[in-house]
Amino acid sequence: MTRSTPRARVVGAALSSAALLLTLSACGGSASGQSADSLSDVSLVFKGALTVCTDSPYAPFVYEQKGKLVGFDVDLAQQVADALEVDLDVIDVDFDDITSGDSLNNDVCDVAVSAMTITGERARVLDFSSPYFDAKQALITPRGSGTDTLEGLAGQRVGVQKETTGETFMSDYAPESTEVVTFDDAAGLQAALNAGEIDAAMLDNTVSGEFVAQNRTLKLAREFDTGEQYGMAVKKDGNVPLLRSINGTLAELRDDGTYDKIYKKYFG
């Protein structure tokens with residue numbers, strides 16, 4: 001059976017999101033807390049606040065600064081909260097609790113914003129917004145290692161963050177002799193790479209710059225165009241009004257130039 005590529009999964013998820021938007025008039029949902037009486041009412045876990053789940057640190061999308069979570073994703077989430085005229089509450093949770101749907105479906109938060117790639121598998125348990133960021137996979141290796149291809153990873157230990165598209169990419173395309181080592185979060189992956197406990201790391205190119213900037217013995221060896229796109233996510237079949245509000249806000253941010261300003265702030 002032919003393996004599904006990351007691009008295929010993205011396309012499948014995009015179609016799922018499109019289908020969801022086409023059925024806005026036929027379905028709705030509600031979460032605990034504030035109830036939704038119609039498709040124009042956004043249901044929130046806690047009245048007066050948009051609660052956002054994210055997995056930190058994953059700079060520059062989310063990281064702690066002066067005891068507060070900040071970053072590109074947080075700034076976008078703030079724009080959604082402002083459009084809803086509510087406060088923003090950002091909480092740090094495990095990434096696999098987000099991708100599995102547990103955090104959203106158990107009303108821990110209203111929306112997940114965590115540099116999360118839209119995939120068909122995730123779309124089965126989450127409802128995604130329209131894409132807000134394009135990404136690739138990046139191979140990070142020690143300078144002088146001579147490793148800059150997938151074939152060169154044969155017999156190597158390559159680190160990935162578990163439940164990410166980096167793990168999926170390595171599972172699909174790495175040589176059979178490659179040992180793929182999973183880490184709970186990006187911080188653990190970075191520490192292992194810095195300490196030489198692994199030979200290389202595969203992760204989204206959007207955060208690879210931070211890894212290299214913090215350790216000049218490392219280099220960005222190669223990028224792989226996987227056609228990935230990040231999306232915000234809400235409870236599966238449970239918050240269509242919020243999803244519609246998020247999509248509307250993202251469209252407005254691009255139209256009025258606010259998105260570009262936020263992008264420049266974090267990516268130059």
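Predicted model: local features only at pLDDT ≥ 70, side-chain atom pairs only at ≥ 80, totals over all residues.
View 1. Residues are numbered from 1 along each chain as its sequence is written, and side-chain values use heavy atoms, without hydrogens and water.

**View 2. Space and lining of the largest cavity.** A cavity is a set of points on a 1 Å grid over the protein atoms alone where a 1.4 Å probe fits but cannot get out; lining residues have an atom within 4 Å of a point. The largest cavity holds about 100 Å³. Its lining includes Asp55, Tyr58, Phe95, Arg122 and Asp204. By class, four lining residues are nonpolar, five polar and three charged.

**View 3. The second largest cavity.** Its volume is about 60 Å³. Among its lining residues are Tyr58, Gln161, Leu189, Met202 and Phe211. α7 (186-194) and β10 (200-204) each supply at least two residues. Which element gives the most to this lining? β10 does, with three residues. Helices (H or I, at least four residues) and strands (E, at least two) are DSSP runs, numbered from the N terminus. Six lining residues are nonpolar, four polar and one charged.

View 4. The protein has 10 helices and 12 strands. Buried residues (under 20% relative accessible area, 1.4 Å probe, protein chains only) make up 50% of the 268 residues.

Technical notes. 1 Å grid on protein atoms, 1.4 Å probe; cavity = no way out; pocket = protein on both sides within 12 Å on 5 of 7 lines; lining within 4 Å. Points joined across faces, edges and corners; volume = space filled by probe spheres on them. Nonpolar A, V, L, I, M, F, W, Y, C, P; charged D, E, K, R; others polar.
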